[in-house]
Amino acid sequence: MRKPILAGNWKMNLTYHQAEAMVEELLSLGKAPESVESILLPNFLCIPLLADKLKGTGYQVGAQNMSSEDQGAFTGEISWDMLKDLGVSYCIIGHSERRTLYLENNSQIEKKLRKAVKTGIKPILCVGESLEKRQAGEAKKRIEGQVHRALVGLDREDLQDLVIAYEPLWAIGSGQAASPEDAEDMCLTIRQWIEKGYGSDLAEKIRILYGGSVKPDNIASFMEKENIDGALVGGASLKAKDFYALIEGVQNA
Ligand SMILES: O=C[C@H](O)COP(=O)(O)O
């Protein structure tokens, strides 16, 4: 039985004070239920705040990105031990906005993923196809390439905490979510690749999330699918009431 995940990627939203108000409101709604891994991924500046406020509440704090290097002359970067020092458990690797806007390529993503798994940061590897690739019938080929390139050289032991988020680019922030059937088909396909490459134990264990215009009113339709183990949510994670409703949606599935 895989424990579901509801992860809120705040992206470049919410100032320190807005984040503080959001978290206080969220905590007034209740603790995180034990049956769902509920993770907030704020900007780097808000990580210490959330780590402090969410201690002992059941909520976890994640990061949106990390360096593939340990330390040194890498201006603007944040390392794995800076994150761990603050209690960060998860980190998004290879979000499509990093790939498309900041030109992160498969080789950089592979290095980041390797650094995360070797240092005990649980990676949320994002994969997803563009509308052009989907319309050309190449969605699965595209995703397969992204998954395989990211996992190069890693073995089953390294991947025990791997989480993969399937996020079609055309569904992100568009209000046009993938159909639950298409999302399930892609998540099943990813699980089958993992099974082929690393065995059924790992394939049964890893969590595969759907992301892209997930809202409180559609979360249930994704959660009822066998191979969707939760959601990576952007816009709807910014408001405490919506985020809490999403967690309840996962919990009640
Ligand atoms: O990381 C989250 C995804 O990019 C989804 O964003 P969204 O829920 O705003 O569509």
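Helices H5 and H7 sit oblique to each other, oblique being whatever is left once angles under 35 degrees (roughly parallel), over 145 (roughly antiparallel) and 65 to 115 (roughly perpendicular) are taken out. Their axes, H5 covering residues 106-119 and H7 residues 139-150, come within 8 Å and cross at roughly 45 degrees. Axes here are lines fitted to C-alpha atoms, for helices over the stretch in contact, with angles from 0 to 180 degrees between N-to-C directions. On the H5 side the contact uses Asn106, Ile109, Glu110 and Leu113, and on the H7 side Gln146, Arg149 and Ala150; contact means C-beta atoms, placed from the backbone, within 7 Å. These residues split into three nonpolar, two polar and two charged, where Ala, Val, Leu, Ile, Met, Phe, Trp, Tyr, Cys and Pro count as nonpolar, Asp, Glu, Lys and Arg as charged, and the others, Gly among them, as polar.

The model is a predicted one: local features need pLDDT of at least 70, side-chain atom pairs count only at pLDDT 80 or more, and totals for chains, interfaces and linings use all residues. Residues are numbered from 1 along each chain as its sequence is written. Helices (H or I, at least four residues) and strands (E, at least two) are DSSP runs, numbered from the N terminus.

The largest nonpolar core holds 76 residues, of which Cys91, Ile124, Leu125, Ile164 and Tyr166 touch the most other members. Such a core is a set of buried Ala, Val, Leu, Ile, Met, Phe, Trp, Tyr and Cys residues joined through C-beta atoms within 7 Å. Helix H8 (residues 180-198) supplies the largest share, six residues. Beyond its neighbours within four places in sequence, Leu125 contacts Ile93, Gly94, Leu113, Ala150, Leu162, Ile164 and Ala165.

Ala63, in strand S3 (residues 60-63), counts as buried with 24 C-beta neighbours inside 10 Å; the cut-off for buried is 20 or more other C-beta atoms within 10 Å, for exposed 12 or fewer, with partly exposed in between. Leaving out residues up to four places away, Ala63 touches Leu41, Phe44, Ile47, Leu83, Val88 and Cys91.

Ser213, a residue other than glycine, has a positive phi near 60 degrees. Ser213 lies in the loop between strand S7 (207-211) and helix H10 (219-223).

Technical notes: Two residues are in contact if their C-beta atoms, placed from the backbone, lie within 7 Å.
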